[in-house]
Amino acid sequence: MILLDLHTHSIASGHGSSDTITHMADVASQRGLQILGVSDHGPATPGSSSISYFQNLCLAPESRYGVRLLYGAEVNILDFNGLTDLSPDVLKHLDYAIASMHLPTRKPGSLAENTRGYIHAMKISSVKIIGHCNDGRYPVDYMELAKASRDYHVLLEINELSLSPQGYRKDSEKNCQLLLEACSKYNLPILLSSDSHGSKNIGNMPYAINLTKQMQFTDSLILNYDLQAFSAFMEA
């Protein structure tokens with residue numbers, strides 16, 4: 001059973017939904033989630049919120065409708081040295097950060113450049129998750145990413161939106177398979193993420209779940225199923 005979803009977006013991301021965090025928490029509660037993470041897009045994303053929005057999330061309620069809320073950001077990796085659009089000084093006040101590459105904030109580079117960009121972003125202490133690194137427009141070395149995620153204590157995600165029929169990222173299923181193979185080799189935990197923009201898909205991850213079963217990925221390494229293991233990972 002999915003108990004948590006950390007990759008979601010509210011109206012503050014500037015696209016895809018007009019849903020507030022309060023409404024998203026209500027829906028998460030109805031779907032049986034115990035933890036909802038709100039990770040709005042960083043300020044380099046056109047239409048997203050300013051730095052002050054992220055600075056003030058520390059004042060937001062810790063729970064709503066019986067759901068524990070974690071406040072984060074999906075930061076944009078802006079160059080291949082891991083520069084992000086929120087500074088470490090801002091990120092340290094959030095519960096976590098997801099680091100991702102998006103058009104138009106970062107044009108794709110070579111396999112080596114993209115891999116280096118992700119790995120350098122992992123070195124930021126607040127970055128706990130690498131977002132949708134399955135996008136074939138940004139080719140990467142999954143074995144190198146897996147080794148780095150082990151060394152820097154960062155989760156790689158399986159992104160539901162990437163795998164769904166509405167997904168637009170290139171070669172997502174094949175690349176998620178490679179990611180799972182790499183994580184299996186190094187016995188690494190992963191995170192399943194809805195990447196829901198608004199409340200519609202919060203906690204809904206059928207394609208991601210089916211792929212992990214197809215790949216015979218160990219359930220005990222999927223942190224969405226185990227709150228104790230998730231908390232231990234985040235606090236380590």
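Guide: Axes are lines fitted to C-alpha atoms, for helices over the stretch in contact, and angles run from 0 to 180 degrees between N-to-C directions. Please note that the model discussed here is predicted.

Visitor: At roughly what angle do the axes of helix α7 and helix α8 cross?

Guide: Helix α7 covers residues 172-185, and helix α8 covers residues 206-214. Their axes come within 11 Å, and they cross at roughly 55°.

Visitor: Why is α7 described as oblique to α8?

Guide: Angles under 35 degrees count as roughly parallel, and those from 65 to 115 as roughly perpendicular. The crossing of α7 and α8 is at roughly 55°, and that makes the relation of α7 to α8 oblique.

Visitor: Is the crossing of α7 and α8 left-handed or right-handed, and how many charged residues does the contact have?

Guide: The crossing of α7 past α8 is right-handed. From α7, the contact uses Glu-173, Cys-176, Gln-177 and Leu-180, while α8 supplies Leu-211, Thr-212 and Gln-214. Sorted by class, the contact has three nonpolar and three polar residues, and the number of charged residues is one.

Visitor: How are helix α4 and helix α5 oriented, roughly parallel or roughly antiparallel?

Guide: The axes of α4 (residues 111-122) and α5 (residues 142-152) come within 10 Å and cross at roughly 10°. Angles under 35 degrees count as roughly parallel. Therefore α4 and α5 are roughly parallel.

Visitor: How many nonpolar residues does the contact of α4 with α5 have?

Guide: Thr-115, Tyr-118, Ile-119 and Met-122 in α4 meet Glu-144, Leu-145, Ala-148, Ser-149 and Tyr-152 in α5. By class, two residues of this contact are polar and one is charged, whereas the number of nonpolar residues is six.

Visitor: Let us turn to the strands. In which sense do β5 and strand β6 pair, parallel or antiparallel?

Guide: In this pairing, Glu-74 stands opposite Ile-98 in β6. Strand β6 covers residues 96-100, and β5 and β6 share five bridges, in a sense that is parallel.

Visitor: Which residue in the turn between β4 and β5 has a positive phi?

Guide: Strand β4 (residues 63-64) pairs with β5 in the antiparallel sense over two bridges, and Ser-63 stands opposite Arg-68 in β5. The two strands form a hairpin with two residues between them, and the turn residue with a positive phi, of about 55°, is Tyr-65.

Visitor: Which residue in β5 is the bridge partner of Gly-37?

Guide: Strand β3 (residues 35-41) pairs with β5 in the parallel sense over seven bridges. The bridge partner of Gly-37 in β5 is Leu-70.

Conventions: Residues numbered from 1 in each chain as written. Predicted model: local features only at pLDDT ≥ 70, side-chain atom pairs only at ≥ 80, totals over all residues. Heavy atoms only, no water. Helix = DSSP H or I, 4+ residues; strand = E, 2+ residues; numbered from the N terminus. Parallel < 35°, antiparallel > 145°, perpendicular 65-115°, else oblique. Left-handed = near helix turned anticlockwise from the far one by under 90°. Contact = heavy atoms within 4.5 Å. Nonpolar A, V, L, I, M, F, W, Y, C, P; charged D, E, K, R; others polar. Pairing = 2+ DSSP bridges.
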